Every structure is written in C-alpha cells, then in structure tokens.
Amino acid sequence: MRAHLISRRGGAGLDVVQKLKEKDEYALQALMEQYGGMLLRTACLLMKDRQAAEEAVQDTFIQAYNKIRQLNDPSKLTSWLCRILINRCRMRQRTWSWKHLLPSDRVEQIMETSGSGPGPEDQLLVQLRNNRLSDAIRRLDYKYREVITLYYYNEMSVADITELLESNENTIKARLARGRSRLKAMLEQKEDGDEG
C-alpha cells in the first residue's frame, strides 16, 4: 500500500497528503521513508549534533502528522516539511546549544555511499574533503549554515529559500555570499595549516 503513496518522480504523491489528513499511519510511514534521509542530513548540518538532529526530524514528522490540514497546497509538501524542520532546529539551537560540548558525529556517516564507483584511494580523498567541508559548515554562524545547507545540500533555489525562510531575496543572496566566503577562508586556512 505504501508504494502507491509515493509518485514515480520520487516525491510524495498527492495521495500521501490526503491519506495523512485521514490519519493513515501507512502514509506517515511512507512520508518518513521518502523524506527522512533528506531531513536528517539537513538537520545534522544545521544542528552540529546527531542526536539533536534526529530529535528535530522526529518532531518534524510528529508536527507534520498533527498539522497536515494546514498544508493548503500538497505540491509544496517538501518545502512545508523543510520549514517545520528549520523551525524545530532554530528552537533547539536557541535552547540547547550550550548543553552540547562534545563534537558531533560526522554527517557523512548518515549519507549512503554507492556500491560501485571510485577506488579506495579516491574514496578516502573524497571522504577527507567532505569531512573538512562538513566541519567548516558546522563552524559557520547558524544563519549562514542554514542557507548554505538549503542551497547546496537540498538544491533549493534562492527564491525557494526566500519563501521558506520568509525573508528578503537580497538577504538570502548576501548570506549565501558571506557563507561561501567564510567557508572558503576556513578551508584555505585549513589547507595552509596542513602544509605547515
């Protein structure tokens, strides 16, 4: 039954939204299977802490299930879920950031790797580069981390991010530019430190 709730394009079909409105738990399961990975990657980058990220994703699905009737346009399900997640992450960031003093798990540990592809040396180089990039993203201020994650990892357009965050387009563009600039500086500093 769950297979029929997911459309061929990879997004949740209109059926899943209707079934959620009818409080169908299979629809919730289908929604979690379809969006769980994307939301968890996003939350891990935003939260710096895997456990807090997992809790934010759980909260997101619970809130989505309870408030699905507020979704007026089923075609905007993805951005609606992202908005809920971002609000949950912001709330947790404000209230819990001081409690998490230990470094978090690597985001790459939750990302799936393909079964075939580059050799072990190439995989190691890619993993090192991704680890450095993820660490640098985590060190950014939240407002930059948020737009960088949505733009590059969730492949959202500036217009979509503007709508999602209920912000000005120029503000989003400025945050992207500043975030990229800070990331570049951090990565270059790290490379200079590796050489010395």
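**Checking the labels**

Me: Why is R88 called buried?
Reply: R88 has a relative accessible area of 19%. Buried means under 20%, exposed over 50%, and partly exposed in between, with a 1.4 Å probe and protein chains only, so R88 counts as buried. A word on the source: this is a predicted model, where local features need pLDDT of at least 70 and side-chain atom pairs count only at pLDDT 80 or more, while totals for chains, interfaces and linings use all residues. Residues are numbered from 1 along each chain as its sequence is written, and side-chain values use heavy atoms, leaving out hydrogens and water.

Me: Where is R88 found, and which residues does R88 touch?
Reply: R88 sits in helix 4 (residues 77-96); helices are DSSP runs of H or I with at least four residues, numbered from the N terminus. Not counting residues up to four places away in sequence, R88 touches A56, D59, T60 and Q63, where contact means heavy atoms within 4.5 Å.

Me: What makes the R88 and D59 side chains a polar contact?
Reply: They are joined at 3.3 Å. The definition asks for a pair of N or O atoms within 3.5 Å, one able to donate a hydrogen and the other to accept it.

Me: Which residues of helix 3 are buried?
Reply: Among them are A56, D59 and T60.

Me: Why is I137 called buried?
Reply: Its relative accessible area is 1%, so I137 is buried. I137 belongs to helix 5 (residues 120-139), and its contacts beyond four places in sequence include L45 and Y153.

Definitions and conventions
Helix = DSSP H or I, 4+ residues; strand = E, 2+ residues; numbered from the N terminus.
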